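Reader: I would like to learn how to read a model such as this one. Please begin with the overall picture and then go to single residues.

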Amino acid sequence: MPERGRPLEGLGFLTIGLFDRDDPRSGHETTLELIELGEQLGFDSAWLRHRHLQYGISSPVAVMAAASQRTSRIRLGTAVTPIGAENPFRLAEDLATVDVLTGGRLTPGFSSGPPMRFDDYKEAIYPDTWQVEDLGYDRLLRLRSFLRGDEVSPFSGRQGIEEYSSRVEPHAPGLADRLWYGAGSTRSATWAGEHGFGLLTSSVVSSEHGTDFATNQAAQIRAYRDAHPDPARARVSQGLVVIPTDSATASQVERYRAYAESRNARVGVPQGPRGMLFAADIVGSSAEIAERLLSHEGYLLTDEVAFALPFSFDRDDYVQLLNDITGVLGPLLGWRPAA
């Protein structure tokens, strides 16, 4: 069992929600079907990657709103929304609205700083202000303040026939306490802990303690827990790519192994100016994957997982993976499906 002395607390999956440029509806429909299936299989959470100017989910809030009407239990999150591309006031309204629709099931995750390839579209999003926009931590704290119900206007009450509130409406109780931060460095993990966010740690971390991925991830998790004002409430979710083959066909197994092999060259080699390390994709039977995870220093420090579905697989592949994760792998990790 994990180092914290208890079984895996939560089992989730993460999808990028790819679609064809000329047929975007079918890709989004597949994403919604997978979330529905995830709930039926007992997954605790479904997470959406957030992508701008790509053929993936550009509006996870809208997709979660649609999913809220097809599900009743599964938690819905983002991993992660780059806050630098968002207006915190408007995003707070959207998130609160969808959280109300879900009955309090949203678990949004965020990153700070310039979004990926921000220079390519900064003029489109902030034509006159990009040079002075605060894209850092304070922008996220402002969002949390709005979700908490802090005052945003000095006026509340009736004017004519209109009623006004001094806080963002609708108010979604508890949503401000369900926010996550996607950290890739000790500095950002420490910040997340100091400010009481949940920690999303993925398959990419900075190389601050050699080139072993698990060692670096574990160091960041420990820094997060050490910095958290209430360690008993500190939450850590890990997102690795695991590809169980228990019920896969021979052709699927071949494709899965080829996919992982095509990404292996970057494993253990610091990438880019920040020296980012990528985790290896884990392909094999659920028993083999569980053995790998139970010797993974980062995994042993987590409370829950959101296993990342590979980017470019087919719908039938995802169905097979979700079934094997809940039916075989999860129980081997001490997890039991939600009632």
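Author: The protein has 10 helices and 14 strands, where helices (H or I, at least four residues) and strands (E, at least two) are DSSP runs numbered from the N terminus. Its radius of gyration, taken over C-alpha atoms, is 20 Å, close to the 20 Å that the globule rule (2.2 Å times the number of residues to the power 0.38) gives for 339 residues, so the protein is as compact as a globular protein of that length. This is a predicted model: local features need pLDDT of at least 70, side-chain atom pairs count only at pLDDT 80 or more, and totals for chains, interfaces and linings use all residues. Residues are numbered from 1 along each chain as its sequence is written, and side-chain values use heavy atoms, without hydrogens and water.

Reader: Which residues of helix H4 are buried?

Author: Buried means under 20% relative accessible area, exposed over 50%, partly exposed in between (1.4 Å probe, protein chains only). In H4 (residues 118-125), Phe 118, Tyr 121 and Lys 122 are buried. Seen down the helix axis, they fall within an arc of 140° (of the directions from the axis to the C-beta atoms), so they line one face of H4. Asp 120 and Ala 124, on the other side, are exposed.

Reader: Why does Glu 151 count as exposed?

Author: Glu 151 counts as exposed because its relative accessibility is 60%. Glu 151 lies in the loop between helix H5 (137-148) and strand S5 (157-159).
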